[in-house]
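Hi,

Here's the structure I promised to pass on. Have a look at it first, and then read my notes below.

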Amino acid sequence: MTGPALLRSIVAVAVLPLLAACENSATAYMIDGSQHALILVREKPYFWTDTVNQAVIASRLPQCQRRVPIHPDATELTDIEVFEAGDRLWALRQGDRWYLVSTTECQVQDWDNSAHTPPGPLVGTFRLADGGAAFVPAGG
């Protein structure tokens with residue numbers, strides 16, 4: 001290797017650890033097959049940030065699909081529990097924060113659940129599993 005080629009190789013190797021510190025992942029709770037789901041998206045575009053941007057996608061194809069940003073999280077995923085809350089309605093709890101997700105209207109919103117009482121049965125949890133974000137069904 002000569003000068004410029006060697007320099008490019010060194011720069012490429014030096015940048016790899018920086019890119020490894022970024023996150024861009026998505027995982028889904030499949031409700032009724034692949035056409036009806038709640039999807040958690042996590043993105044950390046810069047290695048130097050201490051938080052990860054998050055969004056929830058409410059999807060019921062072909063009627064609707066909407067991506068809505070939710071509050072950022074720490075770089076290590078804080079579990080997000082998913083509860084049934086009605087017909088095509090789910091409640092998500094991440095720490096002290098609650099969200100309501102409707103796949104009828106494809107909406108995601110903050111929910112002031114001051115009682116911190118789940119509105120229905122737990123269906124599963126978005127959590128770290130096998131080194132990445134995954135949806136783990138309740139009892140699984």
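First, a word on naming: helices (H or I, at least four residues) and strands (E, at least two) are DSSP runs, numbered from the N terminus. Before you dig in, note that this is a predicted model, where local features need pLDDT of at least 70 and side-chain atom pairs count only at pLDDT 80 or more, while totals for chains, interfaces and linings use all residues. Residues are numbered from 1 along each chain as its sequence is written, and side-chain values use heavy atoms, with hydrogens and water left out.

**The sheet**

Let's start with the strands. Strands of a sheet pair through backbone hydrogen bonds, either parallel or antiparallel. Two strands count as paired if DSSP finds at least two bridges between them. Here you'll find an open sheet of six strands with antiparallel pairing, in the order β8-β7-β6-β5-β9-β10. Its edge strands are β8 and β10 (132-137), each pairing on one side only. On average, neighbouring strands of this sheet are turned by 25° against each other, direction ignored. For that angle, axes are lines fitted to C-alpha atoms (for helices over the stretch in contact), and angles run from 0 to 180 degrees between N-to-C directions.

Now follow β6 (residues 89-94). Six bridges join it to the antiparallel strand β5 (residues 80-86), and six bridges also join β6 to β7 (residues 97-102), again in the antiparallel sense. Both pairs are hairpins: β5 and β6 have two residues between the strands, with Arg88 at a positive phi near 55°, and β6 and β7 also have two residues between them, with Gly95 in the turn at a positive phi of about 65°.

By "buried" I mean under 20% relative accessible area; exposed is over 50%, and partly exposed is in between (1.4 Å probe, protein chains only).

Ile80 is a handy landmark, as it stands opposite Gln94 in β6 and has Phe126 as its bridge partner in β9. The strands β5 and β9 pair in the antiparallel sense over four bridges. Also in β9 (residues 122-129) is Thr125, which is buried at 5% relative accessible area. Leaving aside neighbours within four places in sequence, Thr125 is in contact (heavy atoms within 4.5 Å) with Asp79, Ile80, Glu81, Ala134, Phe135 and Val136.

**Salt bridges**

How many salt bridges are there? The count comes to four, where a salt bridge is a side-chain nitrogen of Lys or Arg within 4 Å of a carboxyl oxygen of Asp or Glu.

- Arg42 and Asp73 have their closest N and O atoms 3.2 Å apart. This pair links distant parts of the chain, with Arg42 in strand β2 and Asp73 in strand β4, 31 residues apart. Arg42 is buried at 1% relative accessibility, and Asp73 is buried at 8%.
- Asp79 and Arg127 meet at 3.3 Å, N to O. Asp79 lies in the loop between β4 and β5 and Arg127 in strand β9, so the pair ties together parts 48 residues apart in sequence. Asp79 is partly exposed at 33%, and Arg127 is partly exposed at 30%.
- Glu81 and Arg93 meet at 2.6 Å, N to O. Glu81 is in strand β5 and Arg93 in strand β6, twelve residues apart.

Most residues other than glycine have a negative phi, and most peptide bonds are trans. With that in mind, look at the bond from Leu61 to Pro62, which is cis with omega near 5°. Pro62 sits in the loop between β3 and β4. Then there's Cys106, a residue other than glycine with a positive phi near 55°; Cys106 is in the loop between β7 and β8 (107-111) and is buried at 2%. His116 is not a glycine but has a positive phi of about 55°. You'll find His116 in the loop between β8 and β9, partly exposed at 37%.

**Around Cys64**

Cys64 lies in strand β4 (residues 64-74) and is buried at 14%. Not counting residues up to four places away in sequence, Cys64 touches Ala58, Ser59, Thr103 and Cys106. The C-alpha atoms of Cys64 and Thr103 are separated by 7.6 Å, though the two are 39 residues apart along the chain.

Happy exploring!
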